Amino acid sequence: MSHFARITQDQRRQSLCVHLRSVSNLASEGLPDFLKEIAYYAGLWHDIGKYSPKWQDYLLNKGNMKPHAFQGARIALEWAENEGIDEIPAISYVIAGHHTHLRSQDNLLDEYPSDSDDWKKCLEIAQTEINNLLPKMLPEINLPVLRREFAIRVLFSALVDADRFNAMEFEAGNENPALELRNYQLVSILASKSNLSSLPESKTKIDELRNVFADYCIKSAEKAKGFYRLTGVCGIGKTLSSLRFAYFHAQKHQMKGIIYVAPLKVIIEQTAKIYKEQLGEDNVLEHHSDYEPTLSEYVNYKLDTERWDKSYIVTTGVQFFESLFSHKPSRCRKLHNIINRVILIDEAQTIPPKFASCILDVLNTLVKDYGCTVVLMSATQPAFDRLKRSEIKDINFIDIIEKDEIAKQFKCLKRVTYRSMLDTSWTWNDLAQDIKDSKFKQSLTVVNTTQLAREGYYQLKELVGGDWYHLSSRMCPAHRSQIINYLPKNNEDWHKSCHLISTSIVEAGVDLDFPRVYRQLTSLDSIIQTAGRGNRNGFLEYIEAIVTIFELAEDNNKVDENLRKRINITKNIIDKDPQALDKKILESIDLYFKQIYTQWNDSEIQGLRKQYDYPEVAKAFKLIDEDYKISVLCPWDRGIQHIEELQNKENLILEDYRKIQPYSAMVSQKQAKQDKLVKKCENGLNIWRADYDEHTGCSKT
């Protein structure tokens, strides 16, 4: 009797034996040696339940759907029990969850009858079709507990991807030419061409320093794989220089590619543009929620984002880090394609302290077990080596730029002078008067909340005069981009009247240049990032830009507990030393992060990982509170047309979501619900029904 894995709509039948062998080969390819055997047998056993006569009847439309994942998991469980092994075999986790999700050790087979011996019959039938179905010894992952926990995720990723890819290939047949061109192995980075070794001509002092910085990165690329830190003052050119390091490092060690990770979408978009210019648009995957693939790209883009099978990935911290701790097949599927990559973590100081040790632990595991090189990048490098956690104490941080050179860099590239006005709280009137007294036609003011940004916009516009602009997350991306295009990028624009008030959305990756900067008291790293928008390109030759730090009387302490802790630490540092942000800035950064990381403890997640409780780990590891914000389609520009077209549509399709992304903003879910500010359509669309201010975006919340 023939046994089948699937039957397509055109009645083509895939042999179950062929499917199992194909998946076992695919799953084991590209994995490190210690996972190859176990991946091979995970592939052979994952669908062994389809040998059940009941499942074959279901496939031939003769019965009801039958579970087919538990049988392979039971083979390993029974084997372990017979050998007197108490620990659940790694292979059981991945097979039991390959259609649903990784389960906890206490609930591994909860959905399946414990007294079922169906697995025995399936095993007997499978042995008649597949030679060497069982190894001499049960394959296992022999690593310390936390590294084993992550290895099971990687194994799960390889199995899920191999199973889905093989099924997709068979289903597609010859109908998808693009699929035929795909290789399971990643495109080799060695095949790409770039002029990254060429440095631009130095026309200014800053150009010279940027080239020195880039040269350090190129030379360091020859070093061994490891866990690196790249520290560079704002405006030194970390994006392109880090790419140079990663590119030549990957070539030196024959690595598969580069993953660039950043905290903000605005940084992602700018970095993706640079990567595409240097490496070729088709080689770069831009993976974030606001990216708009064309309609013709959709099918392949969805596959790319699940698999990460391109040489160069540009993505967000939320996407990258949550995938490392996820239990779902769609999120975990990409993990095995992280192997043997250079991973660039930009703005490393934004890694939440409460997740720092578990993130560093997994990053170190990627270095130790999977051939990766990790680079933490920042102008305000966090003191992760101050963390006293046993699981990360053995991380050997390698500095691409030596400490003496970093100090020289900060001194030579000092383009601003900090001015603390923290003795008294300012009103909007005080701030307005100081802006007028500066005699400059341009200024940047950054505050801590969207409410203050909107309030300040109207107050300061009235008090100061001139052209005022506003930026915050209450504005949809298309609206923000329009405003950013108006703003000064260099000294040639400084004769224009231009004052901007913004939230921290401008702190990193936004190439703006102002002669006067005002920053509401916040965390030390954010103050320094904001200062990077002052005299950014060094065109104020005889004076430095002034960065004024102030407390705002209208604040009302409307910030979360995390930020409040950071603000208190920062204020203490500034109050104790007038030179904290000027001559002693590097010492202040070190002191700040030392205090930060003594106040948080993320042992809960590490404890759950040691218990192999994958669902609870995923639940606990959330970088963003999904219940706090919702995305709403805004009645601005083309958003008005999209509302008219889509609000009564029965079902939304991918094309619809692509169209509305540039016109959607994030608002408080709780406030919007209380004040009935959002219209919830039956098709799932959320529409902003209150005012959308042409200057400040969604109002009322």
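Reply: Buried means under 20% relative accessible area, exposed over 50%, and partly exposed in between, with a 1.4 Å probe and protein chains only. This is a predicted model, in which local features need pLDDT of at least 70, side-chain atom pairs count only at pLDDT 80 or more, and totals for chains, interfaces and linings use all residues. Residues are numbered from 1 along each chain as its sequence is written, and side-chain values use heavy atoms, with hydrogens and water left out.

Me: Are Tyr592 and Phe593 buried or exposed?

Reply: Both Tyr592 and Phe593 are buried.

Me: How many aromatic pairs does the structure hold?

Reply: A pair of aromatic rings is described by the distance of the centres and the angle of the planes. Rings of Phe, Tyr and Trp (its six-membered ring) pair if their centres lie within 6.5 Å; planes under 30 degrees apart are stacked, over 60 edge-to-face, the rest tilted. The structure holds 21 such pairs. Tyr592 and Phe593 form an edge-to-face one, 5.0 Å centre to centre with 70° between the planes. Ring pairs also link Tyr40, Tyr41, Trp45 and Trp79 into a cluster.

Me: Which residue has its charged end over the ring of Trp308?

Reply: The criterion is NZ of Lys or CZ of Arg within 6 Å of the ring centre and within 35 degrees of the ring normal. Lys334 places its charged end over Trp308, 5.3 Å from the ring centre. For Arg13 over the ring of Phe4, the distance is 5.1 Å.

Me: What does Trp45 touch?

Reply: Contact means heavy atoms within 4.5 Å. Leaving aside residues up to four places away in sequence, Trp45 touches residues including Trp79, Ile91, Leu133 and Pro135.
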